[in-house]
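Student: I should like to learn how to read the features of a protein model. May we go through one together?

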Amino acid sequence: MTSKTFIAALVCAAVLTACGSTPAPEPQFYAPAKPVDMSGAWEVDHARSDNIQEQFNAIARQLQREAERRARAAERGQTVGGPSFSSGRDLFALAEMAELITAPSLLDVVQTQSEVRLKRENSFALVYMIEQSAPVVTETPFGTEQCGWDGHQLFFDIALPDGLHIRHRITRSALADFLVIQTAVYSPSVKQPFIVNKVYNRYNPNNAGYRCTQTLSRGTVCTTEAPRS
Amino acid sequence: MMAFCPDVRSACYWWLYVGSLSLALLSQPLSAADPSWPVSVARAPIDTSGEPLAIELAVVVFDDGLPVFDENDARHKLRGVETRLVAVVLRDILTEGQRFGAVRVLPSASRFAALTITGTIIHSDGRDLILAVRAEDATGQLWLDRMFRWTAQEQDYRGKNDEPFRPLFVAVANALWGHAKNLSQQSVSRLQELAQVRYAAELAPDFYSDYLQEREGLMTLARLPARGDPMIARINRIRNQEALFIDTVDEQYVELGIELGPTYTLWRRSSLEQATYLESYVNRASERANNAHRGSFANMQQVYSTYRSVKIQEQDLFEIASGFDNETEPTVLDSGERVVRLEGTLENQYSQWRSILSRLIQLERGLP
């Protein structure tokens with residue numbers, strides 16, 4: 001089963017089992033850390049990543065079939081159990097959120113002895129301070145973050161107000177040079193998480209023909225000079 | 001609280017949580033309410049009361065206060081630069097007051113001066129600077145051992161060349177002078193003599209240790225070397241050479257201050273603006289009602305966008321530090337190399353002088 005068909009199946013299952021309860025991710029037990037070097041510049045591989053639009057379409061078709069089934073049942077004077085349209089809207093909302101959260105297509109991972117910093121294009125960086133063992137918990141007024149190594153995977157769990165929960169798992173392939181970020185988004189009104197897998201290939205930012213550096217007094221300074229080796 | 005907010009992820013818990021922890025977010029990297037911090041010092045002019053005293057002061061480059069220095073971390077490199085700049089600013093303020101004799105910045109602790117000032121940077125951003133300062137004289141008596149804090153405002157950055165944290169350094173200078181101005185001229189003379197003998201004893205411990213004695217935990221003079229003691233004359237000559245050497249090192253620090261000062265001030269100012277903006281954003285976000293129903297896109301988007309915005313603002317502070325690092329790295333490296341070379345030379349010269357002096361002492365005393 002490919003990841004796309006798996007997600008499509010997952011989405012259908014979610015539609016059929018959605019309810020108004022507040023789900024929470026399962027408690028986590030972490031394997032001993034086996035840190036992996038993820039440093040470098042990475043760009044999304046759309047061909048190998050999940051396509052959220054296709055998942056939207058699958059949901060739409062599923063909901064349409066569901067509506068037709070309900071309509072036929074109503075004509076026969078029968079009632080159909082299962083989720084209502086509002087849960088369908090919530091699922092769409094969750095998918096939209098997943099799209100928003102997984103939008104960054106470029107990553108710049110800086111890994112030092114003390115931290116791993118995943119800088120994401122047009123979003124905030126995911127930062128893990130290495131000196132503490134997993135899970136490292138950071139509480140802020142707007143959410144609680146847990147992060148750390150779970151074996152060779154780096155994870156970031158973000159619990160936000162109103163039951164929104166985001167779980168990122170970052171894995172570097174042992175066989176080929178790519179990263180996979182699996183993002184699970186949990187909503188309080190949809191029973192199953194919406195899961196998106198994004199594959200990132202390594203790329204050389206200097207191939208663009210220029211490179212930029214952030215400075216204080218001159219802002220972003222770009223040059224076409226090749227970097228000194 | 002849980003009785004009203006059964007779900008820890010509910011909006012009501014969030015609202016109360018914001019109320020109780022609205023400043024906690026700023027603790028990384030900017031903090032506003034660490035209970036262990038001292039209160040900000042009062043703004044005051046430099047105390048110039050009383051007669052100046054001829055005591056030589058040494059300000060040792062500050063400790064960075066970091067548990068582990070990560071040379072790849074821009075913030076740590078910035079802190080490394082600050083350890084020198086802070087010492088230079090303190091020296092400048094002490095010199096400006098004209099209450100003491102020569103004030104020199106040393107790369108590492110030494111028995112060179114009658115009063116040695118050491119310190120640690122406890123916290124530094126554009127808004128709060130906290131220094132733990134310790135001043136110990138040649139007897140071993142502590143003149144000062146406490147933390148100083150100044151919380152800068154926008155107005156502190158208005159003067160182009162003004163030091164925004166000047167009140168803190170003035171407070172340190174005044175605290176030192178508050179102790180010093182009660183000393184008699186005789187005490188000052190004895191302190192200078194003691195400093196000279198301790199310096200000699202450091203170079204030639206076998207020969208000059210007998211001149212010192214420890215009484216109630218403090219070092220005092222047991223006796224003075226004879227007038228015209230050739231070894232003391234030799235040590236004084238070496239001491240003068242060291243003074244010249246330290247002055248050369250000092251010039252490097254002054255250059256560092258001139259070259260990096262404007263960028264450093266810009267970094268501090270940017271950090272302050274960022275912190276102020278973040279604080280106001282936190283306040284505005286916490287007051288904003290989220291009326292959309294839970295699970296709707298509008299609700300989740302607002303929750304996520306708020307979190308994302310706060311994180312981005314917070315991380316911009318890191319980027320500002322990186323910007324400082326990117327701009328100053330070649331200079332710092334150059335200066336750093338020169339300073340490191342000088343430090344090394346200073347330390348090497350110490351050991352060379354000691355071995356040469358020990359050899360001279362042995363030769364003069366007819367020892368093999």
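**Reading a predicted model**

Tutor: Chain A contains three helices and twelve strands. Please keep in mind that this is a predicted model.

Student: What share of the residues of chain A counts as buried?

Tutor: Chain A has 229 residues, and 31% of them count as buried. As for contacts in chain A between residues at least 6 apart in sequence, 56% join residues at least 24 apart.

Student: How should I read a sheet, and in which order do the ten strands of the open sheet in chain A stand?

Tutor: In general, the strands of a sheet pair through backbone hydrogen bonds, either parallel or antiparallel. In chain A, the order is β4-β3-β2-β1-β10-β9-β8-β7-β6-β5, and the pairing is antiparallel. From one strand to the next, the twist averages 20°.

Student: Which strands stand at the edges of this sheet?

Tutor: They are β4 (126-129) and β5 (136-140) of chain A. Each has a single partner strand, so one side of each is left without a neighbour in the sheet. Strand β3 (residues 115-120) of chain A is joined to β4(A) by four bridges, and the two run antiparallel. Within this pair, L118(A) has L126(A) of β4(A) as its bridge partner.

Student: How do I read a helix, and how far apart are the end C-alpha atoms of helix α2 of chain A?

Tutor: As a general idea, an α-helix has 3.6 residues a turn, so residues three or four places apart point the same way. Helix α2 of chain A covers residues 52-75; at 1.5 Å a residue, its 24 residues should span 34 Å. Its end C-alpha atoms are 34 Å apart, which agrees. The helix α2(A) is hardly covered, for two of its 24 residues are buried. After α2(A) comes G77(A), with a positive phi near 80°.

Student: How many residues lie between the strands β6(B) and β7(B) of the hairpin?

Tutor: There are two residues between them, and E216(B) in the turn has a positive phi of about 55°. Strand β6 (residues 212-215) and strand β7 (residues 218-221) of chain B pair in the antiparallel sense over four bridges. For Q213(B), the bridge partner in β7(B) is T220(B).

Student: Finally, at what angle do helices α4 and α6 of chain B pack?

Tutor: Helix α4 (residues 185-203) and helix α6 (residues 230-287) of chain B pack at an angle of about 95°, and their axes are 10 Å apart. Angles of 65 to 115 degrees count as roughly perpendicular, and α4(B) and α6(B) are therefore roughly perpendicular to each other. The contact is made by Y199(B), A200(B) and L203(B) of α4(B), together with I232(B), I235(B) and R239(B) of α6(B). Of the residues in this contact, five are nonpolar, none is polar and one is charged.

How values were computed. Residues are numbered from 1 along each chain as its sequence is written. Chains are lettered from A and ligands numbered from 1 in the order in which they are written. This is a predicted model: local features need pLDDT of at least 70, side-chain atom pairs count only at pLDDT 80 or more; totals for chains, interfaces and linings use all residues. Axes are lines fitted to C-alpha atoms, for helices over the stretch in contact, and angles run from 0 to 180 degrees between N-to-C directions. Angles under 35 degrees count as roughly parallel, over 145 as roughly antiparallel, 65 to 115 as roughly perpendicular and the rest as oblique. Two residues are in contact if their C-beta atoms, placed from the backbone, lie within 7 Å. Ala, Val, Leu, Ile, Met, Phe, Trp, Tyr, Cys and Pro count as nonpolar, Asp, Glu, Lys and Arg as charged, and the others, Gly among them, as polar. Two strands pair if DSSP finds at least two bridges between them. A residue is buried if 20 or more other C-beta atoms lie within 10 Å of its own, exposed if 12 or fewer, and partly exposed in between; C-beta atoms are placed from the backbone. The expected span of a helix is 1.5 Å times one less than its number of residues.
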